[in-house]
Amino acid sequence: MIKTLTAASVVALFAAAPALAADLGRPVYKAMPMAPAYFSWNGFYIGANAGYGWNDRDVITTGQSTANIANVAGGARPGTVGMNPNGFTGGVQMGYNMQAGNWVYGIEADIAYTDFRETRTITTTGLAPGLAPNLQNTFRQELEYLGTVRGRLGYSWDRTLLYVTGGFAYGGVNNSASFTGANGAVVQFDGGRDRIRTGYTVGGGIEHALAQNWSVKLEYLYYDLGRERVNVALVPGSGGAATGYDSRFDNSGHIVRAGINYRFGGVPIIASY
């Protein structure tokens with residue numbers, strides 16, 4: 001009986017051996033590791049911004065006739081006046097980004113209200129002693145709004161983007177000057193220009209993504225809308241002499257602003273091996 005059971009066990013073992021050997025020889029495959037996903041700056045975005053701007057350029061005045069050239073040279077009218085129109089800026093922007101590896105490039109357009117303005121009055125006297133005291137010379141400079149259309153090129157470290165930017169700029173510029181006679185009683189010379197001027201802007205900034213669709217940025221822009229000559233013309237019947245004056249205004253400045261963007265899409269990029 002024992003011999004019969006032992007023989008049966010040996011037969012069963014040999015019968016199962018091929019199947020066991022097949023299981024032991026079967027190759028084992030490991031699952032490929034998941035490719036990491038990194039933040040994507042691709043897509044269209046809109047946002048808002050607010051900040052502060054200033055202009056620290058001089059207004060240069062020259063006479064149009066020999067007599068008025070002498071007035072400027074002698075100090076009866078100020079030849080150089082420092083102006084610093086400054087104030088709040090706030091607006092909206094929209095743009096589109098494309099990403100190639102760590103490089104991000106795109107285009108952005110924005111428009112903002114700008115409360116950059118200054119009025120400055122300089123008091124002078126006539127050339128001869130006791131002649132025409134307290135001449136009032138008033139200069140006004142204002143930037144009412146500023147818009148730009150700019151290219152952007154940046155380098156990203158996942159959710160942080162450092163970029164440079166530059167392109168076309170335009171704005172509503174208002175420059176004027178008026179010069180009075182003795183004791184500021186009568187305006188003898190007056191002129192101004194209020195119009196849209198164009199130019200360029202350059203700058204840079206840093207942007208950081210808070211979530212898949214939201215990001216915040218800090219940006220600096222230098223804008224230059226060119227120089228403008230204002231004819232400060234003689235007011236008829238005011239008692240002013242000769243012709244008038246030319247006052248040249250410099251319409252450039254600086255802006256530092258913070259912003260927030262919402263990007264549509266926001267699909268993360270999957271790294272490839």
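A cavity is a set of points, on a 1 Å grid over the protein atoms alone, where a 1.4 Å probe fits but cannot get out, and its lining residues have an atom within 4 Å of a point. The model examined here is predicted, with local features needing pLDDT of at least 70, side-chain atom pairs counting only at pLDDT 80 or more, and totals for chains, interfaces and linings using all residues. Residues are numbered from 1 along each chain as its sequence is written, and side-chain values use heavy atoms, with hydrogens and water left out.

Two cavities of 30 Å³ or more are found in the structure, where a volume is the space filled by probe spheres set on grid points joined across faces, edges and corners. Two or more lining residues come from each of strand E7 (135-157) and strand E11 (245-263), strands being DSSP runs of E with at least two residues, numbered from the N terminus. E7 provides the largest share, three residues. By type, the lining comprises five nonpolar, four polar and one charged residue; Ala, Val, Leu, Ile, Met, Phe, Trp, Tyr, Cys and Pro count as nonpolar, Asp, Glu, Lys and Arg as charged, and the others, Gly among them, as polar.

Turning to the second largest cavity, its space amounts to about 40 Å³. Its lining is made up of Trp41, Tyr45, Asn97, Glu207, Asn213, Ser215, Asn261, Tyr262 and Arg263. Here E11 gives the largest share, three residues. This lining divides into three nonpolar, four polar and two charged residues.

How values were computed:
On a 1 Å grid over the protein atoms alone, a cavity is a set of points where a 1.4 Å probe fits but cannot get out, and a pocket is an open set with protein on both sides within 12 Å along at least five of seven lines; lining residues have an atom within 4 Å of a point. Helices (H or I, at least four residues) and strands (E, at least two) are DSSP runs, numbered from the N terminus.
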